[in-house]
Amino acid sequence: MHLQQYTLPPVTPSAHRCLNTTVTSTVTALKTGIHKHETLDTWFLVTEQSSYVIGATTEGYIANLHWGNRLERLDDLNATMDDTFFIQNPPPTYVTEELPVFGGLRYRDNVLKVELPDGVRELNLLYSGNANITDGYMLDLDLRDGNRTDVLVTLHYEIDIDNDIIRRSYTIRNGLDKRINVSKAFSAAWHLPTALGSDEKREIMTLAGEWASEAMVESTELRPGVTHVIQSQRGFPSHVSYPYFAIRQVPSDVNPSTEVYFGALAWSGSWEITAHTSLFGTTRVVGGIHHQDFGWTLEPNESFTAPVFAAGFTNKGMPGARKLLPRHVRKYQKKNLETQKDDSVYHPVLYNSWEAMTFDFTIDKQLKLAEIAAPLGIELFVVDDGWFGARDNDSAGLGDWYPSKKKFPDGVKPLSDRVHELGMKFGIWYEPEGVNPNSDLYREHPDWVFYYDGIPRYEARNQLVLNLGMPEVQDYLYETMSTFIAENNVDYIKWDMNRPWAEMSMHNYDRNPREAAVLSVEGFYSIIDRLKAKFPKLWVESCASGGGRMDIGVLEKTDQVWTSDNTRPDARILIQYGASLFLPPRVQYSWVTDSPYDPNINIPLSFRFHVAFQGGLGVGSNIEKYTDNQLKETTGWISLYKKIRPVIQNGDIDWLVQPSRLSELVAVSQTTSRDQSEAVVLGFRHNSPFSTPLNWIRLRNLDKSAIYTVKVWGGDPHKAEDEYELSGALLMHRGILLDTLNSAMFKSVVVWLRRKD
């Protein structure tokens, strides 16, 4: 085969460039998977719609050569270093290194910092010549320290071909004869190609929040010389920010770009993601375990593996990114959890008794709620906080995981048995990481919490935090939980966590005490893994005062997340809009609860149900106080939800009208089955001060040549307001009118579309 060789023209002045790329063109088509060039140290990671190319320079640096639209044929990209540079930017600074370390002439964001035995605090990682491709979609590349060859780092790559996502991490191994200390261990560096012109703009989309206002979407322009930082230093992902980013090109008159780069960390502890843009238009994103107060000791022959940082590319704008990342999360949830392998096993309609009872209940009160819940169509009955120890309020009993004798004189099993007799599954609430000082557990084991010697212990919410990095703490929690689950036939646990961590340290520990934060997260993972192994059908929900721990890492361990303690539906629309960027619909639960405590606001039951229809459906109202009409309406909405649940839980959610924080608060979502045979449209209008009609709503992702039956419900689940047939083309290009939303406050609508055979 004749090969024509040429050099790519520079996209920035040569004095600015530290990386040249030589291209050899060939007619060999690029197939999906991971491929190495026959003669060059270059690897092509190819998904359905994207390519990610890395290569080794002559000097040994592993650099990113391309990330973006899929290459159509095998272009041989060979990385080389240029010896020209500005005086303050030596060549390594602007190399697009896959793992930029602290050390040498590097002056941009780094990923890994190590302290060696003789006081040297740098590495110079170079390709060792060893690479391994496994099953066509996993790649390991070995790097060795150019100064101390016995420090080995293996880069790990795994591609999700269907969803255009690269999963990255690495393992560092100490081959020296003395211990070394890792003081920073981010997971990866991502390099976006330069913007097309000096006036082009990019935005970074992130998710901000607080308790009860999670996942608020924020967009910020990336400016040269400015580093954008999102983070949590609280020991868990937290409400204030989420380990997620998306960077998009802002369309211009000459560049109608829809390219988006997006990613998320699979880590349930403190974390950090930074994005820096240079004057030359290059953007580097790095992220991983938060560097603050982090440390890890590596004794000879020990290793440490960083958490996965998953990122992807799409040329279909934010709707494309919103589809791909939740699909990816769902794929790895199915891969890791026995309870999630079958898409036809749907997340149950649950009832949680917390808002009806809080701490003030007995077994008789719970039994009465269960008797009311079952005929409504509830499939899972959950007892929340207050069932254990001396737990009559939040100041006592936390950590004593045995049934309250006052509330359950014969134990919990009579309630569990009756719930099962009624045809429902039984669930229970835990907060394993928390402990009240006023508890038997703390009085017996005060050294099991995070603390510093000689410093008063910081209480928050009347509690301290157990150190799950201690094996004895893990064993206690596992044994008490597994015994209770077995004895009471528990089908589901809600794992809550209600305060940030502090004083994280290890005691009587001959390694780095800063390992505590990582060890405790790993202990959290380990307990869930052990419970899942012993009880393969056990469902676990992740909760942290609402949506404080709903990262993509926890969803490889648990079945679902509690998105927010805020169940007010108009607030939930905004929260669910942000969460839908990375969470599959089925995993984010929303409850129908009593109308907000403001006596001037009365939100219809229909509106509350329709908002909760966007994901897993729960009910948290005090159903004992429901009227007959409310019980009938609740039964009707639950019945309708079960009919559309296959689409809601297995489909892709898109937003036809994104929710606005302005007074009218109009929002319309569409969830579509992957085969385009069905779709569910949910429309909401918070207010209509001028009684103006909404514009036509144009649908998406339908079969344009098919005919769809369209059925519409407004305020009555037992009677559709309208039913008609339209072609997919007409539904997408002209749209539908949602007349139900044209007047009055808190109006909502459900539209179910089914393709005719």
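Me: Why is Arg 461 called partly exposed?

Reply: This is a predicted model, in which local features need pLDDT of at least 70, side-chain atom pairs count only at pLDDT 80 or more, and totals for chains, interfaces and linings use all residues. Residues are numbered from 1 along each chain as its sequence is written, and side-chain values use heavy atoms, with hydrogens and water left out. Buried means under 20% relative accessible area, exposed over 50%, and partly exposed in between (1.4 Å probe, protein chains only). Arg 461 has a relative accessible area of 35%, and is therefore partly exposed.

Me: What makes the phi of Arg 461 worth a remark?

Reply: Most residues other than glycine have a negative phi. Arg 461 is not a glycine, yet its phi is positive, at about 55°. The residue is found in the loop between α6 (440–444) and β28 (464–465); helices (H or I, at least four residues) and strands (E, at least two) are DSSP runs, numbered from the N terminus.

Me: Why is Asn 489 called partly exposed, and where is it found?

Reply: The relative accessible area of Asn 489 is 37%, so this residue counts as partly exposed. Asn 489 is found in the loop between α7 (471–488) and β29 (492–495). Its phi is also positive, near 50°.

Me: How do you know that the size of the protein chain agrees with that of a compact globule?

Reply: The radius of gyration is taken over C-alpha atoms, and the globule rule is 2.2 Å times the number of residues to the power 0.38. For 757 residues the rule gives a value near 27 Å; the protein chain has 27 Å, and therefore agrees. Along its principal axes the C-alpha trace spans about 80 × 70 × 45 Å. Of the 757 residues, 60% count as buried.

Me: What makes a set of residues a nonpolar core, and which residues have the most contacts inside the largest one?

Reply: A nonpolar core is a set of buried Ala, Val, Leu, Ile, Met, Phe, Trp, Tyr and Cys residues joined through side-chain atoms within 4.5 Å. The largest has 186 residues, and Leu 112, Trp 387, Ile 493 and Phe 613 have the most contacts inside it. Helix α8 (residues 516–534) supplies the largest share of this core, nine residues. A second, separate core has 22 residues, including Leu 656 and Val 751.

Me: Which residues is Ile 493 in contact with, leaving aside its neighbours within four places in sequence?

Reply: Contact means heavy atoms within 4.5 Å. Among the partners of Ile 493 are Ile 428, Tyr 430, Leu 531 and Trp 539.
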